[in-house]
Amino acid sequence: MERLSRVIDSVISAGRILAAEWQRPDGPRGTGDKADVDVEIEQVLHADLLRLLDCDFWGEETESRLTGAKYCWVVDPNDGTADFLKGNRGSAISVGLLRDAEPILGVVYAPVTDNRGPDCIAWEVGMPGLLRNGQQIQSCLLHQALTPGSKVLLSTVARTKPELNAELCSPAMFTPMPSIAYRLALTAAGDAIAGVSLVSVGAHDVVAGHALLLSAQGVLLDQDGYPINYSWRKDFANVSTRCFGGSPLACNQLSKRAWNKLFT
């Protein structure tokens with residue numbers, strides 16, 4: 001677990017930069033879905049991670065290196081930037097590691113949340129369960145089904161069409177929140193049955209969350225209900241046009257629903 005511990009330390013340190021940006025008197029710097037702090041954080045993580053393991057690197061903001069190496073770091077320095085700039089809490093730093101195109105490590109850290117406080121969820125292959133804020137937890141999504149008591153995590157735009165989103169998630173409830181990485185991490189940790197993105201995602205958005213889901217026997221499916229994979233690194237910018245992560249039963253059901261109704 002030494003490698004994971006060092007990654008967690010690096011991500012939490014980067015989280016201090018993100019939290020400080022959030023607290024700026026004039027608000028975070030940037031517009032739209034581009035924040036100045038995103039580049040600053042990725043530069044720090046890029047250096048830290050390659051010192052830890054010198055391999056391929058795919059990030060959202062800085063120059064990537066894709067040579068076909070066995071290992072590849074996959075980084076999003078601030079998943080949920082647009083919400084972050086709008087003043088919505090819950091964006092997250094996401095660091096994943098692929099080995100032969102399989103997620104084997106994930107750290108998702110939301111330094112500014114609504115009511116939980118800083119929240120770091122992590123896992124590396126070989127561990128019996130997740131680490132959440134330094135505490136070992138056990139979560140299993142394998143046999144969970146959509147029920148009136150379960151929760152599906154959607155993006156913040158779901159607030160604009162609450163009735164239709166409630167119908168599409170039924171019989172579960174839905175909760176809108178930033179960051180698909182954090183939605184997947186919360187699902188892996190047992191806070192929800194599924195985390196969903198209805199817009200295109202790149203590898204940087206989902207690899208870390210995918211690793212966390214694997215630790216809880218969950219899945220990450222694309223818009224057609226097939227498992228997302230990372231075999232073709234040339235496709236890292238867009239690994240799916242929608243994604244459904246969590247319980248296999250729930251994600252299979254959700255992937256078949258008429259989400260297009262939200263866009264008409």
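Ala 101 counts as buried, at 15% relative accessibility. In this predicted model, Ala 101 sits in the loop between strand E5 (92-99) and strand E6 (102-110). Its backbone has a positive phi of about 70°, although Ala 101 is not a glycine. Ser 179 is another residue other than glycine with a positive phi, here near 70°. Ser 179 belongs to the loop between E11 and helix H5 (180-188), and its relative accessibility of 3% makes it buried. One further backbone feature concerns a proline: the peptide bond from Ser 170 to Pro 171 is cis, with omega near 5°. Pro 171 is in the loop between helix H4 (162-169) and strand E11 (173-176).

Strand E11 also has a place in a sheet. Five strands form this open sheet, in the order E11-E10-E12-E14-E13, and their pairing is mixed. E11 and E13 are the edge strands, each with a single partner, so one side of each has no neighbour in the sheet. From one strand to the next, the twist averages 20°. Within the sheet, E12 and E14 run antiparallel and are joined by four bridges. Gly 195 stands opposite Gly 245 of E14.

Strand E4 has pairings of its own. With E3, strand E4 pairs in the parallel sense over four bridges, and Gly 59 stands opposite Val 75 in E4. With E5, strand E4 runs antiparallel, and seven bridges join the two. Cys 72 stands opposite Leu 98 in E5. E4 is mostly covered, with eight of its nine residues buried. In a regular strand, side chains alternate between the two faces of the sheet.

The next topic is the aromatic side chains. A pair of aromatic rings is described by the distance of the centres and the angle of the planes. The model has three aromatic pairs, counted where ring centres lie within 6.5 Å. One of them joins Trp 58 and Phe 236, with 5.7 Å from centre to centre and 85° between the planes. The pair is edge-to-face, because the angle between its planes is over 60 degrees. Which parts of the chain does the pair of Trp 58 and Phe 236 tie together? Trp 58 lies in strand E3 (residues 56-59), while Phe 236 lies in the loop between strand E13 (219-221) and strand E14 (243-246), so the pair ties together parts that are 178 residues apart in sequence. Trp 58 is buried, with a relative accessible area of 16%. Phe 236 is buried as well, at 0% relative accessibility.

A second pair is made by Phe 244 and Trp 259, whose ring centres are 6.2 Å apart and whose planes meet at 45°, so this pair is tilted. Phe 244 lies in strand E14 and Trp 259 in the segment after helix H7 (248-255), so the parts tied together are 15 residues apart in sequence. Phe 244 has a relative accessibility of 1% and counts as buried. Trp 259 is also buried, at 1% relative accessibility.

The largest pocket holds about 770 Å³ of space. It is lined by 37 residues, and those closest to its centre are Ala 82, Asp 83, Ser 155, Arg 183 and Val 199. Which elements each supply at least two residues of this lining? They are strand E4 (71-79), helix H3 (81-86), H5, strand E12 (194-197) and helix H6 (203-215). H3 gives the most, with four residues. By class, the lining of the largest pocket has 13 nonpolar, twelve polar and twelve charged residues.

The second largest pocket has a volume of about 390 Å³. Its lining is made up of 18 residues, and Asp 114, Asn 115, Met 177, Tyr 182 and Leu 186 lie nearest its centre. Strand E10 (151-154), E11 and H5 each give two or more residues to this lining. The lining of the second largest pocket divides into six nonpolar, six polar and six charged residues.

Some elements return across these topics.

Technical notes:
Residues are numbered from 1 along each chain as its sequence is written. This is a predicted model: local features need pLDDT of at least 70, side-chain atom pairs count only at pLDDT 80 or more; totals for chains, interfaces and linings use all residues. Side-chain values use heavy atoms; hydrogens and water are left out. Rings of Phe, Tyr and Trp (its six-membered ring) pair if their centres lie within 6.5 Å; planes under 30 degrees apart count as stacked, over 60 as edge-to-face and the rest as tilted. Buried means under 20% relative accessible area, exposed over 50%, partly exposed in between (1.4 Å probe, protein chains only). On a 1 Å grid over the protein atoms alone, a cavity is a set of points where a 1.4 Å probe fits but cannot get out, and a pocket is an open set with protein on both sides within 12 Å along at least five of seven lines; lining residues have an atom within 4 Å of a point. Grid points are joined across faces, edges and corners, and a volume is the space filled by probe spheres set on the points. Ala, Val, Leu, Ile, Met, Phe, Trp, Tyr, Cys and Pro count as nonpolar, Asp, Glu, Lys and Arg as charged, and the others, Gly among them, as polar. Two strands pair if DSSP finds at least two bridges between them. Axes are lines fitted to C-alpha atoms, for helices over the stretch in contact, and angles run from 0 to 180 degrees between N-to-C directions.
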